[in-house]
Amino acid sequence: MNRLLIPIAILVLVGGGLGAWFLLGPRSVGITFRTEKATRGELLATVSATGTLEPEDVVDVGAQVAGSIKGFGTGTDGKPIDYGSPVGPDTVLAHIDDALYAAKVAQSKALLESARQRAEQAKAKVDQAKAKVEQAKANTLRAQADQKQAIARDAQSTREWNRVRPLGSTLAVTQSDYDVAQSNFETNRAGLAVADAAIAQARAAETDAVAAVADAVAAAADAAAAVNTAQAVLRQDQVNLGYCTIRSPVQGTILDRRVTLGQTVQAAFNTPSLFLIAKDLRRMKVWASVNEADVSQVRIGQPVRFSVDAYPNESFPGTVGRIRLNATNTQNVVVYTVEVLTDNDSGKLLPYMTANLNFEVDRRTDALLVPNAALRYKPSPQATAGGGGRGKEAEREKAGHGVVWVEENGKAKAVPVKLGLTDGNQTEVLGGELQPGAALIVGEVRAAGAPADAANPFAPPRFGAGKKQQ
């Protein structure tokens, strides 16, 4: 009889131990769950980036002449030009020593006056040459008239000679008349040759006079060109003299004064920068650095919220104005610069502040939301019913799907869900059996001294489990 009671007692003990292990599960090893509720609310998906605040329009004022800074002008506030000075169009910013440039202007004025005098002399010579042409033309006309008279006299004397010459041997005319007729004939014939030569000479003189006019006109043109050159040199020297006074081209605020009194600026090879002027600090822009993986979610006109370290509890609105295409590659990381426009009527935003931006990608209202920690939770084998871990539920986690876990009878139970938008902390649930208010497991808490992996007390020990570590 006693021999029968011993096996019965052993069976009772073994059965009780197995029942307690299966019924109590993780409770027997001290596991409790940390949970957060699924809620309904608004979800805003954003792309984060950092950037630098810049004035919307900046003018770099330089010097176009070399020289030393002799003084600074006065801003519209009545104070000497310095950092932060307000300026208007044509406000004098600085003066460069202009002694050399003023002397150059005086020299150019003298050269211009000399060129003008030479031009007047050349013009007078043109007038003289033209007068000589008119005189030569008159001489030609007079020679032509003399030629006509010579022709007439030659014709008369020729007729007379032709009448007297046959009568010379007949004594019909006296010898004196014969000699007079012959002399007149020869004289008038020679006079005709002289008249012809005079016409040729007059015409040659007229040609020379016309050529002299052309030479005088060319000389006058050269003199006029010299005047124009001298005027151009004077204008250039006057412009350079004007450059000695540095003026503001726009209305704005001095962001940077890069020269000091007495400093020499050199403009031989490039234009030195003297002042940096922001046109309107009420309009600012942020140059944001956006990773290539996120730039596809950024678009023109997209709303943006950003903060600066100076006002950590305040958020400023903005909109995307431009996406620059000239990306930078640093250590194989491609980054695009995105310009975000923002108003600065309050004047709180200052140039070159660091901004932390959130580009609003998408928004959901009244969405069922689960914490991302619940989607990342992976239960331990002893925390699930049957000790199978996530089992087949893990296979359901693919694009657009996930698994959350809820507590049921002290165990973790998988609930498959279809996922939507996320903001990095919470994710939208688009489908599944999850209900608002459900307590979702986000972690496990083990009692002090509880083993990390509860084992079957009646299972044989694993190989090496009983060895003492050396």
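## Exercises on a predicted model

Leu434 touches Ala38, Leu368, Val370, Val404, Val415, Val417, Val429 and Leu440, leaving aside residues up to four places away in sequence. Keep that list handy as you work through this predicted model.

**Exercise 1.** Work out where Leu434 lies and whether this residue is buried or exposed.

*Solution.* 
- Step 1: Find the two strands around it. Leu434 lies in the loop between strand S19 (426-432) and strand S20 (439-446).
- Step 2: Check the relative accessible area, which is 8% for Leu434.
- Step 3: Compare with the cut-off: buried means under 20%. So Leu434 is buried, because its relative accessible area is 8%.
- Step 4: Look along the chain. Pro416 is 18 residues apart from Leu434, and their C-alpha atoms are separated by 8.2 Å.

**Exercise 2.** Find the edge strands of the open sheet of 4 strands.

*Solution.* 
- Step 1: Write down the strand order, S7-S6-S4-S9, with antiparallel pairing.
- Step 2: Pick out the strands that pair on one side only: these edge strands are S7 (245-247) and S9 (264-265).
- Step 3: Zoom in on S9. Strand S4 (residues 67-72) runs antiparallel to S9, and 2 bridges join them.
- Step 4: Name a bridge partner: Gly67 has Val265 in S9.

Key
Residues numbered from 1 in each chain as written. Predicted model: local features only at pLDDT ≥ 70, side-chain atom pairs only at ≥ 80, totals over all residues. Heavy atoms only, no water. Buried < 20%, exposed > 50% of the residue type's maximum accessible area, 1.4 Å probe, protein only. Contact = heavy atoms within 4.5 Å. Pairing = 2+ DSSP bridges.
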